[in-house]
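Student: I have just opened this one and would like to go through it slowly. Could you walk me through it, starting with the terms?

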There are 2 protein chains.
Amino acid sequence: MPNFKIELAYDGAGFVGWQRQAGGVSIQGVLEDALHELDQRDVAVAGAGRTDAGVHALGQVAAFPLARALSADALVRALNAHLPAAIRVLSADEVPPDFHPRFGARAKTYRYRIWNGDVLSPFERGYAWHVPGALDVEAMAAAAGSLCGAHDFASFQASGASTSTTGRVVYASQVSRHAVDAGPAAHGRIDGAALALPTPGPHPLVVYDVRGGGFLRHMVRIIVGTLVEIGRGRRPAAWMHDVLASRDRRMAGPTAPPGGLFLVSVDYETETSERGT
Amino acid sequence: MPNFKIELAYDGAGFVGWQRQAGGVSIQGVLEDALHELDQRDVAVAGAGRTDAGVHALGQVAAFPLARALSADALVRALNAHLPAAIRVLSADEVPPDFHPRFGARAKTYRYRIWNGDVLSPFERGYAWHVPGALDVEAMAAAAGSLCGAHDFASFQASGASTSTTGRVVYASQVSRHAVDAGPAAHGRIDGAALALPTPGPHPLVVYDVRGGGFLRHMVRIIVGTLVEIGRGRRPAAWMHDVLASRDRRMAGPTAPPGGLFLVSVDYETETSERGT
């Protein structure tokens, strides 16, 4: 039975998260229901990352075996015809039977969006954390950079999480204030793909981009909560190092809300390596 | 009684449009209700543009008299505390009693967003028109440019509209494909403020930016419907000129759906001129 890998985007609002569970609509559950209709049998879908309720994805990866003979392109179309518009399959590829989206993942990239303006844009509701007031983005960037490398990230794991091994590798960890698009139509110009408000002064969007080999539960959101403490000037940039060294969740900042978080992409070995050669 | 001008943004989904009407929630109605609570009296709100159901605003302008003594900043905060998160007041200014947001407007800027990818991003639902397939953006841009200047736009007015004078001036009319943001974090980079999907090839967002002294009912959306006929290759770019010259709505393309349309900003004379000096 051929095994398929799909890349998908979803708006996490209104879902209980990736993982199927009693008492709520999950991304995994909706996908499995659509595949059941398509394949006329129960299909188990494995995902690369278990996004929490309200967390979004631009490039989640999932995999499943399919009995019905379908080309990759036909599978994309058929799945999208069965799925709600909040979940879209972007691409599909046939992969070897031993491909697993989580265990095979080499790296994941997340983005966290902070709206640092007095007024939250109506178009950012549920897609950014509203943090009004001054934010020292340079201090946040310095603190974020200190997380790069192999570390024990126990301080940044949800309390109660059961993972025993809390060592992870972070390849990139950066904070930036989004620059206003200085395009040709300067008057009333909004950022190309964006729905930015025409505001004077610095652009209100501050983003945290992180890429790593793997992430603990709530890790990105606890890092962001810690970064915002630093950005607000309540703690110096060097505090991040102390929090990391403490290996104690109680030392870190609060968990940032889920709506600002996006699973941007999941990386795998090249196709040749995937095929085990 | 002081007269206030406010700039506001709103997500038009779920509203029957700007104008108060029986049987639906309007932006104007919600604003007037909030002002009634604030001022303990009936307050009539005038708007710069009557956006239709589903049409959004990044910089709509409205005005009203206020009995209660409030600074402009306090008015912004008080109104936002009374309004739903889908409607946000961005700024307020006291203006002369004779200021009228519609009659005083010198120009308005609209943006129409087209999602020209095979799969509509979940984050573009209701914020762009999904037009899959090849779109000749150069032909669309040439056709759009031919609308600049003073013309009789009768072909681009909703059938049944009662405006007798259909002459309008367009100052800028341009189509562009949004360039992918080539920022420092190239891997998995999404556009700064955007929620773009990581797609190969040309960026799927095509935008129409138009600025003019005034607009007829559905004018921007009928222009966009006509531009898409040209972009799809069903008509040559020069067809736009023929449609314009015909002064006949039946010659133009279909009316593009409302969700792609944004009222970006409204321009007025400088404050000195507003004060009548």
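Tutor: Let us begin with burial: a residue is called buried under 20% relative accessible area, exposed over 50% and partly exposed in between, using a 1.4 Å probe and protein chains only. This is a predicted model, in which local features need pLDDT of at least 70 and side-chain atom pairs count only at pLDDT 80 or more, while totals for chains, interfaces and linings use all residues. Residues are numbered from 1 along each chain as its sequence is written, chains are lettered from A and ligands numbered from 1 in the order in which they are written, and side-chain values use heavy atoms, with hydrogens and water left out.

Student: OK, how much of chain A is buried, then?

Tutor: Of the 277 residues in chain A, 56% are buried.

Student: And how many helices and strands does chain A have?

Tutor: Chain A has 6 helices and 10 strands, where helices (H or I, at least four residues) and strands (E, at least two) are DSSP runs numbered from the N terminus.

Student: Where does A:Gln157 sit?

Tutor: A:Gln157 is in the loop that links strand S7 (149-152) to strand S8 (167-177) of chain A, and with a relative accessible area of 8% it is buried.

Student: What does A:Gln157 touch?

Tutor: Leaving aside neighbours within four places in sequence, A:Gln157 is in contact (heavy atoms within 4.5 Å) with A:Thr163, A:Thr166, A:Leu216, A:Arg217, A:Ile222 and A:Arg249.

Student: Switching to chain B, which residues of helix H2 are buried?

Tutor: In H2 (residues 72-82) of chain B, the buried residues are B:Ala74, B:Leu75, B:Val76, B:Ala78, B:Leu79 and B:Asn80. The buried residues of H2(B) pack against strand S1 (3-10), helix H1 (27-39), strand S3 (56-65) and strand S4 (87-95) of chain B.

Student: Why is H4(B) described as largely enclosed?

Tutor: Because 13 of the 13 residues of H4(B) are buried, the helix is largely enclosed by the rest of the structure. After H4(B) comes B:Gly233, which has a positive phi, near 85°.

Student: Which residues make the contact between H3(B) and H4(B)?

Tutor: Helix H3 (residues 137-145) of chain B passes H4(B) with a right-handed crossing, a term used when the near helix is turned clockwise from the far one by less than a right angle, left-handed being anticlockwise. The contact is made by B:Ala139, B:Met140, B:Ala143 and B:Ala144 of H3(B), together with B:Leu227, B:Val228, B:Ile230 and B:Gly231 of H4(B).
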